[in-house]
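Let's take a walk through a protein model together.

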Amino acid sequence: MCFQHIPVICGLHRRRKITHRRQDHSNLRRLRQTTPTAASFSVGLWNCQSAVNKADFIASYANHLSLQLLALTETWIKPENTATPAALSNNYSFSHTSRPSGRGGGTGLLIANGLKHTPLLPTNTYTSFEYHATLVNTPAKLGIIVIYRPPGQMGEFTNELDMLLSSIPDQDCPMLILGDMNIHLDSPCSTDFISLMHSFDLEQVPSPPTHKAGKNLDLIFTRKCDTDSLTVTPLHLSDHYFIQLNVCIEKKPKAAPTMVSFRRNLRDLSADQYSSLVTDNMPPPGSFSSLNVNDATDALCSTLSSCLDDLCPLTTRVMRSNKPQPWLKNDTVRELRSRLRAAERKWREKRIHADLQNYQLLLASFSTCLTTAKAEFYHSKINSLTDSRKLFATFNTLLNPPPPPPATCLTAEALASFFTGKVAAISSQFTDATCSDPTTCSAPLYPSTKVNLQSSFLLLKLA
């Protein structure tokens, strides 16, 4: 018997090597650091002394200066007047507070349509001054309080202003307080007022006289924001001067790029000069004729483009977020606006009284022409409408302003009033039911039956 050797294969089980994960710094990527950018607001302040008969001029002049915010005092707008706020809402959202009774007074703020805003403080009535408070949320947070204090003794102004400033919910928010306060800062009576503003970290923006009498009655205070380019312009429609300045606030960088447009100034282009420049830069006729069609076309287009860039270079301009109103496209209005800009530049450069009078005359002509152009536009629009819905919508835009944005900040007063109204609404569904013994009272509780709210809960508990 033959035995055959059977091979045996022995395998060696290897233990799996466990490697602990370690930090690999080569996988790290350096983050791009961003620095806060500055948000700039173009702000105006004016005691208009009645915006009722100057609504078209105010809105168009603010658009002419490309203002984003325009604070108005002494608007003289009564609570039942809706036509004036509607006229001021062209390219702007007009938020205002009227004087509760009597004539005069009133404060308001024109806010560009691209800026989101909410009410900053609830409406409260003070005896010594009037105010309107708004919080701008984009492109950066900025609290704005427009104040008007009538002329006279200080009275309770300092104490009531202290109450107003203390009621601001966010004390760390950048703040802009401006208006006609009728305070002579060089008098001893203003010491308490200046100390109060300093206690809230509010700094006064220095400015030249803001009244034709040489007084500085319109004051501007800021907190956590910088100002520059302040100018004062005497207008023909008020004793107070028009104040314009830039307010800069640091904000987080925004990803959306700024929209720009490219333009050429072809008004000063001379055809003879352009023709001679093209002739000098064109290739010689012999070499140009030897080129094929594509190369000759490219050479011609390149020469025309380079000569045009030399004579009329491309310029960039930031595009406006709001389109101008249709009546501003009138040829007469456009010509007057150009002359108005030239007259303003001439007056600001030389500061001659004759140039100022010319500028104010052009402003008066611009205001009259603007009112006429707007009336003609709406006259032709109303006559051309055949749809009754569009007709009534047009009248609605003329007589009623757009609704203000809803308030997004929840205050303790709003929460308490909400629950108070809720309880009152539930209580109104029940009537008082007098029942000496709740256990023997068998009145059915239907929605139409009204009982006392406390006795109703007692009945439900006993049931």
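Before we zoom in, here's a term you'll need: a polar contact is a pair of N or O atoms within 3.5 Å; within protein, one must be able to donate a hydrogen and the other to accept it, and residues adjacent in sequence count only if both atoms are side-chain atoms. What you're looking at is a predicted model, where local features need pLDDT of at least 70 and side-chain atom pairs count only at pLDDT 80 or more, while totals for chains, interfaces and linings use all residues. Residues are numbered from 1 along each chain as its sequence is written, and side-chain values use heavy atoms, with hydrogens and water left out.

Now find Glu130, in strand β6 (residues 130-136). Strands are DSSP runs of E with at least two residues, helices are runs of H or I with at least four, and both are numbered from the N terminus. Is Glu130 buried or exposed? Its relative accessible area is 14%, so Glu130 counts as buried; the cut-offs are under 20% for buried and over 50% for exposed, with partly exposed in between (1.4 Å probe, protein chains only). Its side chain makes a polar contact of 2.6 Å with the side chain of Arg99, and it also reaches the backbone nitrogen of Gly106 at 2.7 Å. If you skip neighbours within four places in sequence, Glu130 is in contact (heavy atoms within 4.5 Å) with residues including Gly105, Thr107, Val146 and Tyr148.

Let's zoom out to the whole chain. It has 12 helices and 14 strands, and 36% of its 463 residues are buried. Take the contacts between residues at least 6 apart in sequence: 67% of them join residues at least 24 apart.

Next, look for the nonpolar cores. Such a core is a set of buried Ala, Val, Leu, Ile, Met, Phe, Trp, Tyr and Cys residues joined through side-chain atoms within 4.5 Å. The largest has 62 residues, and Phe41, Leu69, Ile144 and Leu178 have the most contacts inside it. Helix α9 (residues 353-384) gives the most to this core, with 9 residues. A second, separate core has 27 residues, among them Leu121, Ala133, Leu164 and Ile177.

Time for the rings. Rings of Phe, Tyr and Trp (its six-membered ring) pair if their centres lie within 6.5 Å; planes under 30 degrees apart count as stacked, over 60 as edge-to-face and the rest as tilted. The whole structure holds 15 aromatic pairs. In one of them, the ring centres of Trp46 and Phe242 are 6.0 Å apart and the planes sit at 50°, so the pair is tilted. Trp46 belongs to strand β1 (residues 37-47) and Phe242 to strand β12 (residues 242-251), so this pair ties together parts that are 196 residues apart in sequence. Both partners are buried: Trp46 has a relative accessible area of 1%, and Phe242 has 2%.

Compare that with Phe377 and Tyr378, an edge-to-face pair at 5.2 Å centre to centre and 80° between the planes. Here Phe377 is partly exposed at 23% relative accessibility, whereas Tyr378 is buried at 15%.

Finally, look at two arginines. Arg103 lies over the face of Trp76, 5.7 Å from the ring centre, and Arg351 lies over the face of Trp347 at 4.4 Å. A charge sits over a ring if NZ of Lys or CZ of Arg is within 6 Å of the ring centre and within 35 degrees of the ring normal.
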